[in-house]
Amino acid sequence: MKPTNRATRRRTDPIAGDDVLAGLRAPRKYLPCKLLYDARGAELFEQICTLDEYYPYRSELALLGEHLPAIAQAVGPAARVIEPGSGAGQKTRMLLSALDRPATYIPIDVSAEQLAATARDLHAEFAGLEVIPIAADYTAQLALPPPRHAGRSLVFFPGSTIGNFEPTDARQFLARFAALAGPDASIVLGADANADAEELLRAYDDAQGVTAAFDLNVLAHLNRAYAATFDLAAFMHRAVWDAARSRIEMHLVSRRRQIVHVAGEPIHLERGEPIVTEHCYKHSPDVLAALLDEAGWRVRQVFADPRGRMRLWLGER
Ligand code: AVJ
């Protein structure tokens, strides 16, 4: 089974206990990666984006800075921007500033606090912009309010977050948002295709230990939200590059044989046994183009960074 985004039926909380237990009962233990993004996790991820080693964020900002005028031209006026996993909003601000009088912005995020803050700020910053925040798990089935303006819909999915889905789920996700966004929609997708193991291991296990703290924080989240008894000091962070599958994996490795209780259930861990907390696929451009095509998106333009790692994909239905 897999530590990635997986479509779940809508439940009371974004992440139900049995999803967590299903992962911890699995032969190869894993946790749904959205558990990484509680309030503390979202803060730590913002710190990761400032690190020298974590090039995806900076590379994508530079690509947006350079190519947003062409993208805005292609999308046209009065756009309806739909953003799964809205996060802190710096890239969103760049997009909304570049677009010609965008009409509506629909951020979708599990981190309700961050979502509310981003929505409030963007509403204040962009006069005339209708902001409709949706606090939900964007990997789950969801409905969007009908468009109220004539402009084109634009799905904005930067950050190489598409890499956190298993390929099959990535295709389904892209197809679902194609359907949600409508027949005349466009998409701007950010994806990393790096295959340099050394660079990737540095980017996912930085010298200051911020990524390690981001990863370990998932155990604090489980202790708080699922009455778990994880001792964070009994685990260590590890990044692994699986070249055959073109993916980086984040692992929390048990430092000793131990039993942890989660929602009242005992979970046995051996010394050296990993819990996989995230997969980050680094699809080659061909694979990514095929994913988009199979999901109903025609690639219109691709903008690559000078090192050929991060790319912005502009597509339309
Ligand atoms: C923004 C979710 C795509 O996978 O690169 C950063 C998350 N994980 N460092 C990524 C992440 C470890 C990031 N995503």
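This is a predicted model: local features need pLDDT of at least 70, side-chain atom pairs count only at pLDDT 80 or more; totals for chains, interfaces and linings use all residues.
A residue counts as buried here when its relative accessible area is under 20%. By that cut-off, 56% of the 317 residues in the protein are buried.

**Overall fold**
- The protein is built from 9 helices and 12 strands.
- Its C-alpha trace spans about 60 × 40 × 35 Å along the principal axes.
- The radius of gyration is 19 Å, which agrees with the value near 20 Å that a compact globule of 317 residues would have.
- Of the contacts between residues at least 6 apart in sequence, 72% join residues at least 24 apart.
- The protein exposes about 13300 Å², and carbon and sulfur atoms supply 53% of that area.

**Ligand shell**

**Polar contacts and cover**
- The side chain of Tyr54 places an N or O atom 2.6 Å from an oxygen atom of the ligand.
- For Tyr204, a polar side-chain atom lies 2.6 Å from an oxygen atom of the ligand.
- In Glu278, an N or O atom of the side chain is 2.7 Å from a nitrogen atom of the ligand.
- On its own the ligand has 350 Å² of accessible area, and the protein covers 96% of it.

Conventions. Residues are numbered from 1 along each chain as its sequence is written. Side-chain values use heavy atoms; hydrogens and water are left out. A polar contact is a pair of N or O atoms within 3.5 Å; within protein, one must be able to donate a hydrogen and the other to accept it, and residues adjacent in sequence count only if both atoms are side-chain atoms. Accessible areas come from the Shrake-Rupley method with a 1.4 Å probe; for residues, only the protein chains shown count as cover. Helices (H or I, at least four residues) and strands (E, at least two) are DSSP runs, numbered from the N terminus. The radius of gyration is taken over C-alpha atoms; the globule rule is 2.2 Å times the number of residues to the power 0.38. Buried means under 20% relative accessible area, exposed over 50%, partly exposed in between (1.4 Å probe, protein chains only). Contact means heavy atoms within 4.5 Å.
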